[in-house]
Amino acid sequence: MSAGSEFFPREFVWGVAAAAPQIEGAAREDGKGESIWDRFSRVPGKVHNGDTLDDGCDHYHRFDEDFALMARFGVKNYRLSIAWPRIFPHGDGEPNPAGIAFYDRVLASMERHGITPWVTMYHWDLPQALEDRGGWRSRGTVDAFAFYADTIVRAFGSRVKHWITLNEIRCFTELAYGLGTRAPGLRVDEATLNQIYHHALLAHGHGVRAVRKFGGVGAQVGLTDNCDACIPVMETAADIAAAREWFRRRNLHLLGAIHAGGYSEEYLKRCGAAAPVVADGDFALIGAPTDFLGLNLYTGPFVRANTAGAPEEVPLPAAYPTADSAWLNIVPQVMYWGTRLAHEAYGVKHIYITENGCGYNDEPVVDGEVRDLHRREFLRAHLREMQRAIADGVPVRGYFLWTFMDNFEWEDGYQRRFGIVHIDRATQARTPKLSAHYYATVMRENRVL
Ligand code: FCB
């Protein structure tokens, strides 16, 4: 059988992804500081059912058992994040030795289980102490991030060779300070929001700088972005061109600025008086080359060319299939078009899907089994589209499924389950779902089954 058709490239990276605040629990243990999500989840009405991050999946105490389970299912790569408030309970100052010791234990356990770490520096759990000083509105948070990035790369750089600076800038900027649906839940004006985007870009630049300086031999670094990705209604030249243009416009302020090494005239004109303040040297940092681009791909709208040839989004009909996550319209082609459009727009040579998966409510254990055929179907359809992208020359080098265990799904609380391993909220018992067996087979055989 010819390689490249049925099978993924031999060196293709298969893995699973998670984030510290969603699984660790132990929200107050060993000197951990309060995060903005610890605070936000206690504001009545912000998180479904009043769920908090206090216990998570108790991964803080069970990581060894969790890595053993991963290893049993053949997981060789795990994307985790480091909780900034464990390392710096107050955001900056002196690092907390117990926080560093915890991740030392985690990384040592992963090593024992033959699992390679892919570490996200920031997955939204800003220390509340920094939010009290302005959070991402303040350039002081960028300085604190720079110091935090230096600290963790120095502490863990001998074990960690794959670094991801930030997870999904849009979610901790636009949704958090613009719409207010995510921590810290504010609604700032447009100029402030544009400045917040700029600060996030700067933090990314500092993450890259820290890895270049302290990462040691073989260290690689990239951003994980949830770029706005769309699907051409028809794969005709006209609709594809419309999709390209839609993609370019929608990502101008983040991926566009990073890859161009500056803000475009078009973006600055769009901002007008609300344009961000840029200091000398900012873009030398922001535009520094990275080793890969991480893309979190879940969904996206359909776009076609209107009569003038311009991009036009086609609204979804009410009966369009979704997961239980209200935002998750099921569009497997996002894997093909998201990666292809990013590759074409920015010329990135290495793309990793750093997240993809689906959230459903209440998946009961029946006779020791969770029969999540909807998730199996979701994965299969998405993996096929990813494979189509690779066959068309898009440099997708790896795939991390979101997520290993059911966990705290932000404002949706614990009700929304994305895991391939079921968590019993009362007992914390772990039960691999049917999809875990499915994905284990895909990883082992290196092909879609
Ligand atoms: C992404 C987040 C991740 C998870 C998934 C479902 O936006 O990065 O933490 O919640 O969505």
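## Overall fold

The chain has 449 residues, for which a compact globule would have a radius of gyration near 22 Å; the chain has 21 Å, which agrees. That radius is taken over C-alpha atoms, with the globule rule set at 2.2 Å times the number of residues to the power 0.38. The C-alpha atoms fill a box of roughly 60 × 55 × 50 Å along the principal axes.

This is a predicted model: local features need pLDDT of at least 70, side-chain atom pairs count only at pLDDT 80 or more, and totals for chains, interfaces and linings use all residues. Residues are numbered from 1 along each chain as its sequence is written, and side-chain values use heavy atoms, without hydrogens and water.

## Burial and contacts

Of the 449 residues, 59% count as buried (under 20% relative accessible area, 1.4 Å probe, protein chains only). Contacts mean heavy atoms within 4.5 Å. Among those with a separation of 6 or more, 77% join residues 24 or more positions apart.

## Aromatic pairs

The chain has 39 aromatic pairs. Rings of Phe, Tyr and Trp (its six-membered ring) pair if their centres lie within 6.5 Å; planes under 30 degrees apart are stacked, over 60 edge-to-face, the rest tilted.

F88 and Y148 form an edge-to-face pair, 6.5 Å centre to centre with 75° between the planes. F88 lies in the loop between α4 (84-87) and α5 (97-112) and Y148 in helix α7 (residues 139-156), so the pair ties together parts 60 residues apart in sequence. F88 is buried at 0% relative accessibility. Y148 is also buried, at 0%.

Technical notes. Buried < 20%, exposed > 50% of the residue type's maximum accessible area, 1.4 Å probe, protein only. Helix = DSSP H or I, 4+ residues; strand = E, 2+ residues; numbered from the N terminus.
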